[in-house]
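Visitor: I am new to this structure and would like to be shown around. Could we begin once it is on the screen?

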Amino acid sequence: MDQARKTISGHCRVDAVGKVFGSADSGPEIVLKNCSFEVPAGSLTVLLGPSGCGKSTLVQLVAGYDTPTLGNVTLDGVSVTGPGTDRIVVFQETALFPWMTLLDNVAYGPIQMGIPRREAESEASALLRDVGLKAFEDRYPSQISGGMQRRAEVARALIARPKLMLLDEPFRGLDHMSRGLMQEYYLKLFDQHQTTTLFVTSEIDEAIFLADRLVILSYKPTTVQTVIDVPLPRPRDFQMLTSSVYGQIKEQALDLLYNEALKAFDQPAIPANGGVRGTA
Amino acid sequence: MTAGSEKASLLWVRWSSRLRSPVFWQGLLGIATFFAVWQIARWIGWMTIIPSPVELAAGIPEEIERAGYWQNWVDSGRRVFTGFGIAALLAIVIGVAMGMSNRLRALIFPLFEIMRPIPPLAWLPLAILFWPSSELTMIFLTFIGAFFPILLNILVGIEKIDPRYKQAALSLGSSRGAMFRRVMMPGALPSLFTGLTIAIGITWEVVIAAEMASGTNGLGYMTWDSYMTHSMVGIVLGMLSIGLAGMASSWVMRLVGEKAMPWRRR
C-alpha cells in the first residue's frame, strides 16, 4: 500500500440524531433519540447494544441510505446527504453480487471509479490473496463458505479506499471458531489499512477485542449511554482476553448492558433493515 | 485422456449410478404399469375406441413416414418461436422501461392489468377479423400468450432485487449505466427466465388450439385432421408430438438460462 492513503481521515460525528419511523396504523415509532458520538479518524469504534435496538438504523443513516428525522451526521466536517464512495457498508448478510465472481466483485468498485480494468483486476487479485482467497477468485459467492464471503466483502470494501468503513454485524451467523479467526484476520487488515471504522455488534467479547472505543447504546428509544475507551495495545491477540484491563472493561460494559438487555428481552425488535422501508 | 473420452466416461458414470438408483426403476415401473393396464383394458374389451400400446407401436412409424409429418413440426415451431420471439423482445423492452421509471409504470400498468386476464384464445375472433391471414392470426395469439407472463416476471424481478445490492452498488460509486447493466439486469435475470419458461409452455398450448381452429397445417392441425379422418393412431401421435415439442422447448430454455446465469449452476 502506498503511503499517501495512510493520511488519516474519516472523522465521523453523529450529532443529536433522532429517527422516527411512521406508519399509518401503528403511529410514529421513535427508534433513535438524541444520539451523539464520534468516530475519531483512524480509530476502530464499536457500536455495542442489544439486538433489535436500532444499530442497523444508525448504520443506514451514517451510510446515507436513509436520512435522520432530527440531527445531523458529518464526515470530516461535511454533512452526509446520501450514499457516497467515501463510506462503505459491509452488511450482516453478504451483499456480494451473486452474479459476479469474487474477482469481479472486488474489482467492481475501482472500475467504477475509472481505474483501467487490468489494473483494477490485479489490485483486486492482490487483495484477495491478502484475505486468503486467491484460489477462489473465479468462484461465485454461492460457491464459497459464509466466512469466505465475509472476507471477500471486506476486501471489496477496502479496495474502494473509503474514508469510513461501516461493518454491520459482519460476523454474525458464523460458528464460534470461524468467528474468532475472522476477528483476528480482520484486525490484521485493520492494522494494515488503518481505515477509520465503525463496527456494529451485539457481542461484548467481540466488541472489546476489536475496539479502540466502545459506544454503548441503551434500548428503546435508543440513545448513547456511555463511551468507554479500550486501552489495550495493538496488534492484539487472544491472550488479551484474559488480561485485567479486559476484565475491568467487560465488567463495566456488562453492568450497563444487562439492564438494557432486560428491557429488550420482552419487546418486539425493530426490523433489521428498517431504514430501507421508505426508499425501496 | 482426451476431452471426448473424458466426457464419455462421465456419461457412463452418471448412467451407471442412475441404473443403480431405486428411484430410476420405480419410475420405469410406473410407466410400464400404465401401459400394461392400458393394454389389458383393451384385451378385456373396456376400451374399444382407443388403440392399444401395441397397435400404436405398430402404427406410428407408418404415420411418421407419411408426407408432411415433419413439415408440421416446422410449421408449428415457426409460429411458436416467431410469436414468442416478438413477445420476448417487446416485453423485455417495455418491462425494463417500466421497471426503471415509476411514472411509465403508473401509466402502463393499469392498462395491462385489464388486458392480462383475457385468455389468449378469447382474442381469436377479433384476430381473425383483424389480421389478413390465418398465419398472422396464429402468430398473434402466441404473441399474446407469451407477452404478459414475460412482462410480469421482469417487473417482479426488478422489484425484488435485494436493496442491499443497490446500496452496495451506490456506495461503490456505480454510474447509472453500470447500475443498470451490472446490477439491475443480472439481478432480474432469474425472474426473466422464469417468465420465459412459463411463456414458452403457454405458446405451445395456444398454437395448438389456434391451429385446430384456423390452421391448415402444423401439429395441432394434424391432430384435428386425424380426428376428422378417424385416424386414431394419428391423434395419439399428434398428442405425443406436441408433448415432445413442449418438452424440447423448455429444455432449450433451461440450457439458455444456464448459459446466461453461470452463477446459478451448482
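Guide: In chain A, 72% of the contacts with a separation of 6 or more are between residues 24 or more positions apart; two residues are in contact if their C-beta atoms, placed from the backbone, lie within 7 Å. This is a predicted model, in which local features need pLDDT of at least 70, side-chain atom pairs count only at pLDDT 80 or more, and totals for chains, interfaces and linings use all residues. Residues are numbered from 1 along each chain as its sequence is written, while chains are lettered from A and ligands numbered from 1 in the order in which they are written.

Visitor: How many helices and strands are in chain A?

Guide: Chain A has seven helices and ten strands. Helices (H or I, at least four residues) and strands (E, at least two) are DSSP runs, numbered from the N terminus. The radius of gyration of chain A is 19 Å, close to the 19 Å of the globule rule for 280 residues, so chain A is as compact as a globular protein of that length. That radius is taken over C-alpha atoms, and the rule is 2.2 Å times the number of residues to the power 0.38.

Visitor: What is the strand order in the open sheet of chain A?

Guide: The six strands follow the order β6-β7-β8-β3-β9-β10, with mixed pairing. Two strands pair if DSSP finds at least two bridges between them. In chain A, β6 and β10 (224-229) stand at the edges with a single partner strand each, so one side of each has no neighbour in the sheet. From one strand to the next, the twist averages 20°.

Visitor: Which helix packs on that sheet?

Guide: Helix α1 (residues 55-63) of chain A does, touching β3 (44-48), β6, β7, β8 and β9 (213-217) of chain A. The direction of α1 makes about 155° with that of β7(A); axes are lines fitted to C-alpha atoms, for helices over the stretch in contact, and angles run from 0 to 180 degrees between N-to-C directions.

Visitor: Why is α1(A) described as largely enclosed?

Guide: Nine of the nine residues of α1(A) are buried, so the rest of the structure largely encloses this helix. A residue is buried if 20 or more other C-beta atoms lie within 10 Å of its own, exposed if 12 or fewer, and partly exposed in between, with C-beta atoms placed from the backbone. Among the buried residues are Lys55(A) and Gln60(A). Gly64(A) follows α1(A) and has a positive phi, near 90°.

Visitor: And what about β7 and β8 of chain A: parallel or antiparallel?

Guide: Strands β7 (residues 164-168) and β8 (residues 196-201) of chain A run parallel and are joined by five bridges. Leu164(A) has Thr196(A) as its bridge partner in β8(A).

Visitor: Turning to chain B, how many helices and strands are there?

Guide: Chain B has eleven helices and zero strands. Its radius of gyration is 23 Å, well over the 18 Å given by the globule rule for 266 residues, so chain B is more spread out than a compact globule. Of those 266 residues, 31% count as buried.
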